[in-house]
Amino acid sequence: MIYWRTMEEGLKKAEQTAFARTLLLDALRKEYGITRLPEIARTPHGKPYFLNYPELYFNYSHSKHAAACVLSKQAVGIDLEQIRNYSEKTAQRFCSQGEWV
């Protein structure tokens with residue numbers, strides 16, 4: 001299940017993360033009756049997971065104006081990005097020559 005909300009503009013990164021985690025808790029409450037945010041750990045690759053709920057997969061993301069989270073019984077991910085104009089410099093940085101030519 002995917003949940004998302006818009007955020008007020010001007011929040012700092014830590015505030016955006018807190019907003020996303022609050023959204024995650026709201027989703028957990030609605031879907032599973034979980035009333036406290038479970039302890040979150042990270043895999044060696046940085047993927048978050050719940051220590052005490054290994055059967056429950058989740059991910060969350062935030063950008064300048066919104067936050068989103070996803071809950072599942074299978075591995076999931078979600079990523080919000082602000083839409084920006086195309087930048088050849090950015091394409092060259094992240095893509096192979098064959099991908100951006």
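Helices (H or I, at least four residues) and strands (E, at least two) are taken as DSSP runs and numbered from the N terminus. The structure is a predicted model, in which local features need pLDDT of at least 70 and side-chain atom pairs count only at pLDDT 80 or more, whereas totals for chains, interfaces and linings use all residues. Residues are numbered from 1 along each chain as its sequence is written, and side-chain values use heavy atoms, with hydrogens and water left out.

Just after helix 1, Gly33 adopts a positive phi of about 70°. The expected span of a helix is 1.5 Å times one less than its number of residues. For the 20 residues of helix 1 this gives 28 Å, which agrees with the 28 Å between its end C-alpha atoms. Residues are classed by relative accessible area as buried (under 20%), exposed (over 50%) or partly exposed (in between), with a 1.4 Å probe and protein chains only. The buried residues of helix 1 are Gln16, Ala20, Leu23, Leu24, Leu25, Ala27 and Leu28. With contact defined as heavy atoms within 4.5 Å, the elements that cover these buried residues include strand 1 (2–6), strand 2 (40–42), strand 3 (48–50), strand 4 (57–62) and strand 5 (66–72).

Gln16 lies in helix 1 (residues 13–32) and counts as buried because its relative accessibility is 8%. Its side chain reaches the backbone oxygen of Leu11 at 3.1 Å. Neighbours within four places in sequence aside, Gln16 is in contact with Met7, Leu11, His62, Ser63 and Lys64.

Aromatic pairs were assigned to rings of Phe, Tyr and Trp (its six-membered ring) with centres within 6.5 Å; planes under 30 degrees apart count as stacked, over 60 as edge-to-face and the rest as tilted. By this rule there are three aromatic pairs. One of them, Phe50 and Phe58, is stacked, at 4.0 Å centre to centre and 20° between the planes. Phe58 also forms a stacked pair with Tyr60, at 6.4 Å centre to centre and 15° between the planes. Phe50 is buried, with a relative accessible area of 1%; Phe58 is buried at 2%, and Tyr60 is buried at 13%. Phe50, Tyr53, Phe58 and Tyr60 make up one aromatic cluster.

Cys69 is buried, with a relative accessible area of 0%, whereas Cys95 is partly exposed at 33% relative accessibility.

Note on methods: Polar contact = N/O pair within 3.5 Å; in protein donor to acceptor, adjacent residues only side chain to side chain.
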